[in-house]
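Here is a short report on aromatic contacts. The sequence and model come next.

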Amino acid sequence: MIVASEGHDLPESGTGAPPPALVERERELALFGELVRRTAAGRSGLVVLEGPVGIGKTALLQALVAEARGLDLCVVHAETADGHRLPLSTAHALLSGLPDGGGPSVAHGPADGRPPALSCCDNDARDVSFGVLTRLHDVIRRAAARTPLLIAVDDAQDADPASLRLLAHTARRLAGLPVLLALVSRSGSDAPALAEITTLASCRIVRPRPLTGPGIGMLARRLTGGETDAAFQQACLAATHGNPLLATRLIRSLCAEDLPLTGAELDAVSEQDMQAFGTRVVRLLRRQAPATVNAARAMAVLGDGTAHELCARLALVDAASFDRSLLVLGSLGLVTSGRTRGPWAFTHALVRRAVLDDLSDDERAAAHGRAARLLHDTGAGAADVADHLCRSAATATQPWATTVLREAAREAMLHASPSQAVMLLRACVPDGAADDCDPGLLIELGTAEARLDPEASVRHLTAALDRTTGDLRFTALSALAVALTRQGRVDRAFALLDQCRSDPDLLSSGTQSLQLLEAQLLMAATVDRDAYTRLLDTVPLDLALPGDTAPERALLAARAVISVARMDQVAESVAAARRISGRGGPTENTPAALTIAAAVLLYTDLPYEAQDVCHQLIDGTDPLPGQTHSSLLVLSAEAHERLGDLDTALRHTAEALRDTTVARANAHEALPLAVRLHTFLDRGQLAEADDLCGRVPDPAGGEAWQWNELLCARGRLRLAQEDPERALADLEDCGRRQAAWQRTNPAVSTWWYWAGRAHLALGDRRAARALAEQAVAGARSAHLPLALGAGLELWAATVAAEEGALMLEEAEDVLGRTRAALLTARVKVARGRALHELGYRKAAREVLRQGWEEAYALGARPLRDVAHRALLATGARPRRPVSRGLAALTRSEAQVARLAADGRSNAWIAETLFVTQRTVEVHLTSVYRKLGLPGRRELRDALESADVHGGSRRG
């Protein structure tokens, strides 16, 4: 292959870097070699190199010139440039290079370098006569009689019209002359003479193809001397559309920034300062027609995939001109487009950014303002219009624009995106103009700012307060109270609440609005530890409210969740939560109140009731506001995890984290991350847990209580990784933080259990026992069965086997009245091991087999492996268990199930089988889970159906 300099239509001025060689041009070079050899042998040739800027036409022409000179052809070469052209200036540059100087009338120009003034030609190129063209062609013919010629013209579309007419005249008369005429033309040229040349039968049109992925790899190797992988080659191909010029500039820019040539780096390069590549894109674009430049700018403003008609209107061109421009931009490798008038997109974010950066700030703002109005007039959604309004300050303050921005902000708040709402609303409020703004707008802005910028929220709400009356004034007061609470100014917030109580004219609905406001203040305080502490010291949490109205139930829920977290009025809190969930469900309660009630039930070891409330909201209502929906999913996931339904827990956490960037997770997203980590560990997916934990922010750096749960999950992961020292550090830190938040209920968080396990791994039974004793004491007093069962299991691990077996028997009995399948299975395995240690091998096998089968059914691999090893130690040879259906029932479970299906009571079954009534209840719970039944009522039908099908199979 012939190697020529790059020259990709634009010089690499000022880079100091050597140009790369041609790649993937063997087809074109082979054709050139054939044409040159034919011309050297006395035959004529005509070739037109056609293609977009950057495709490598100039480099190919240089290769053709080198080939011709290698075979001793006489080469005359002219390069044209944009701008005004005197008639025949290109022809003069060509003819003056011929062997005899071009003849008396044309070869020599005046001393100032201007083309000669031909006596037979007017200065107007349109008036050049046939006689002049003939005389000039005779010069070429006489030169060719002496030696074969190559006449090469680069950027022929920019030549003056008279010279183009000469080239067309010569092209028609090449027959018999040893002349090779080679022209380079840019795609989309509308020069009539060039069009005429390409229609000649003797003309060979060469259109260089874009590079392929391997071709980009070859180009990178010649530029850098190193190899690149297929991922980089494909990413570079997508970003440049195979345009050699853009690919060269992109590779050089990456090298100049010391960035690795990898696909991942190129995918993320939009965040880097790639000024050199952007400069190349702009230079390419500026060489196009004004309509094409305007189209590209309109497309950059509107974004990928915008309708052609809308782009054309913003670019101020007609639809046909825009479609032509789109074809040109596609040939340049700047955009990709499907079928005619189909969707389009910039090849890379860098390309769009370069086009936008070529606009001045004023031009860009004006374009975004026009784009917003166009979108608004065509019925686009508020969010789409608002995105442009935020980039055009002058337009954003117009009345119609303010309306759109406020609508978009309300949508953002509905989808739990207060930062987006704040950005939209601030665009409506120019700096220093808050006092003149609509007070309703200021209230919306202050409400949105309450979580993100409480100081600004207080400032805007205070500015609005004095200009409002009635319900709007109460809205401002309530939003201000919430903002003050989030600032930690609890006293001031409750003073505002008292102000509302003393001014009945502010309220249209009396006490109910005050109750709803107090509920909001209580929940707002839970995001700031100082505010929360002061609130608990000053505000009574009375749970005696009847809950007859929705606002009263909201206040009751807020008081109950705070009370239960600190182990205060636990029974009353459960009663309150049940009262709330039992009063009309989703249609009669606010979603927030029901969500908080579900949290109360979860924190009082009633995960099955919490799950029911969550499902009422998730399945039985219209789409909920984003954060409420996410909170419901997290609560539901945690309830399912505690119950042992690990698949559902993973599914719900995945949905809650669907739009989350894990590395930038906030406090609200820390909770689903923690539940997901715990579930991975329950399932034994240690690699997945480690990967997730490695991507989350450091929970020790967050102040909100949600980070405590993530700290607990990380400690448990480290324990599973056999690093008890670091595990204990995390878990004890979690415990200290929980105490500071007054979250002392052992059912709220399992940090104490895993901390006890870490102490045991380090050989400190006394410390583990202290944690267990404290948890058991609290769980007994508050009637928390799951915490009690876990505490007894931990305690049992710190004492002798005989005493531990008794504790574990109590734990199993307590847990049997719950549906916490995973925790129950864990206690069974621990009890089976204790029985084996005491020498009760047969009893140990029975209990361990149950625990093994239940762990298998739940997908709890670590517990299943522990149970399996313990079974083998007893001398058992367990076969692979069946996790679902009748075949999964043990002999005892099947016997109890048959009697229960016949209508026998638990007491009758216990007496008949000589077992305790508690054992019957445990067996039935296992039966319901394995058969997927909600209760005894469906048991008869399930067993009869199995008998029918079994009988038909036997028959």
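## A ring cluster

Trp752, Tyr753 and Trp754 are joined into a cluster by ring pairs. Rings of Phe, Tyr and Trp (its six-membered ring) pair if their centres lie within 6.5 Å; planes under 30 degrees apart count as stacked, over 60 as edge-to-face and the rest as tilted.

## Basis of the model

This is a predicted model: local features need pLDDT of at least 70, side-chain atom pairs count only at pLDDT 80 or more, and totals for chains, interfaces and linings use all residues. Residues are numbered from 1 along each chain as its sequence is written, and side-chain values use heavy atoms, with hydrogens and water left out.

## Aromatic pairs

Searching the whole structure gives four aromatic pairs. Tyrosine 532 and tryptophan 741 make a tilted one, 5.4 Å centre to centre with 45° between the planes. Both tyrosine 532 and tryptophan 741 are buried (under 20% relative accessible area; exposed is over 50%, partly exposed in between; 1.4 Å probe, protein chains only).

Tyrosine 753 and tryptophan 754 pair edge-to-face: 4.8 Å centre to centre, 90° between the planes. Tyrosine 753 counts as buried because its relative accessibility is 3%. Tryptophan 754 counts as buried because its value is 13%.

## Charges over rings

A charge sits over a ring if NZ of Lys or CZ of Arg is within 6 Å of the ring centre and within 35 degrees of the ring normal. Arginine 373 lies over the face of tryptophan 400, 4.4 Å from the ring centre. Arginine 904 has its charged end over the ring of tryptophan 908, at 4.4 Å from the centre.
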